[in-house]
Amino acid sequence: MEERQFEEVLPTVALPNWDATQSRILDAADEVIVRRGVHDVTIAELARRAEVSRPTIYRSWSDADDVVRTALLRRAAGILAQFPARERDRTQVVADVLRFIRLFRGDAVYGRLLAEEPEAFTRYTLQRVGSSQRMIIGWLAQAISAAQPGGTVRTAPPQEIAVMLLLVAQSAVLSHGTVAELIDEEAWERELGAALDGLLRP
C-alpha cells in the first residue's frame, strides 16, 4: 500500500509532439539565445529566423517568453532522452544525476544562460516550478522509486526526495562560478556527489 501511494504522487509531464514548423521556431529560439541572449528573443526575430509569420507563432505560443520556456523544456527533454529506463541503486542514481549536470552545463543553450545570463537562468528555472523542473523531478522520482526496494535509498516518498535533490543540484550548478576559485572542477563534482549520496542514503 505504501509503495502504491508513493507511485501515485510521482509527477509526470506529457511532452507535446512539436511539428516541423514549431520545431523551426524552437530552433530559432535556441539560436537567438546562444548568439545574443534571452532578451533578444522576440516574436519578430523568431518569425524572421524561422521564416514564418507572427500569427503562425501566436497559434502555438502566447508570447516570446512562452517560446523560451518551451525551448528550454525541449532542451531538458533532449538531455533526459540520453538516460534509458533501467533498474538503479543509490550509486547509479547519483552517477546519473552528476552525468545529467555535466550534460546540462555543457548544453549550448543552458550553458550560455549559466555563463552569460544567470539572472535569466534564475528567472526561468528557479523562481517557479515549470514544466522542465517537473519533468526532471519525475525522472528523479522514478529512479529513486526503482532503487528503494533494494534498500540502498531511504524509505520516503520519492517525489519529496526528488524535489530536494533538484534543489541541491540547481543551487550547486548556479553557484558553481562563484566558488570556482575555491574548489576545482573535480573536487566540486566529488563533493556534490557526496551531498547527493548523503541525501539518498538510508
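## Salt bridges in this model

A salt bridge is a side-chain nitrogen of Lys or Arg lying within 4 Å of a carboxyl oxygen of Asp or Glu. The structure here is a predicted model. A search through the whole of it finds 20 salt bridges.

## A link across the sequence

Take D107 and R75. Their side chains form a salt bridge, with N and O 2.8 Å apart. D107 sits in the loop between helix 6 (90–106) and helix 7 (108–116), while R75 belongs to helix 5 (residues 64–80), so this pair ties together parts that are 32 residues apart in sequence.

How exposed is each partner? D107 counts as buried, at 12% relative accessibility. R75 counts as partly exposed, at 23%. The cut-off explains the two labels: buried means under 20% relative accessible area.

E45 is buried, at 11% relative accessibility.

## A buried pair and a network

D96 and R88 make another salt bridge. Their closest N and O atoms are 2.6 Å apart. D96 is buried, with a relative accessible area of 7%. R88 is buried too, at 9%.

Some salt bridges share partners. In this way E31, R35, R36, D40, E45, R48 and R49 are joined into one network.

## The nonpolar core

Now turn to the nonpolar residues. In soluble globular proteins, nonpolar side chains tend to be buried together. In this model, the largest nonpolar core has 63 residues. Those with the most contacts inside the core are I57, V67, F100, F104, L140, L165 and L200. Helix 5 supplies the largest share of this core, ten residues. Helix 5 is also the helix that holds R75.

What does F104 touch, leaving aside its neighbours within four places in sequence? F104 is in contact with I79, Y110, G111, L114, F121 and V173. F104 is itself one of the core residues with the most contacts.

Conventions:
Residues are numbered from 1 along each chain as its sequence is written. This is a predicted model: local features need pLDDT of at least 70, side-chain atom pairs count only at pLDDT 80 or more; totals for chains, interfaces and linings use all residues. Side-chain values use heavy atoms; hydrogens and water are left out. Buried means under 20% relative accessible area, exposed over 50%, partly exposed in between (1.4 Å probe, protein chains only). Helices (H or I, at least four residues) and strands (E, at least two) are DSSP runs, numbered from the N terminus. A nonpolar core is a set of buried Ala, Val, Leu, Ile, Met, Phe, Trp, Tyr and Cys residues joined through side-chain atoms within 4.5 Å. Contact means heavy atoms within 4.5 Å.
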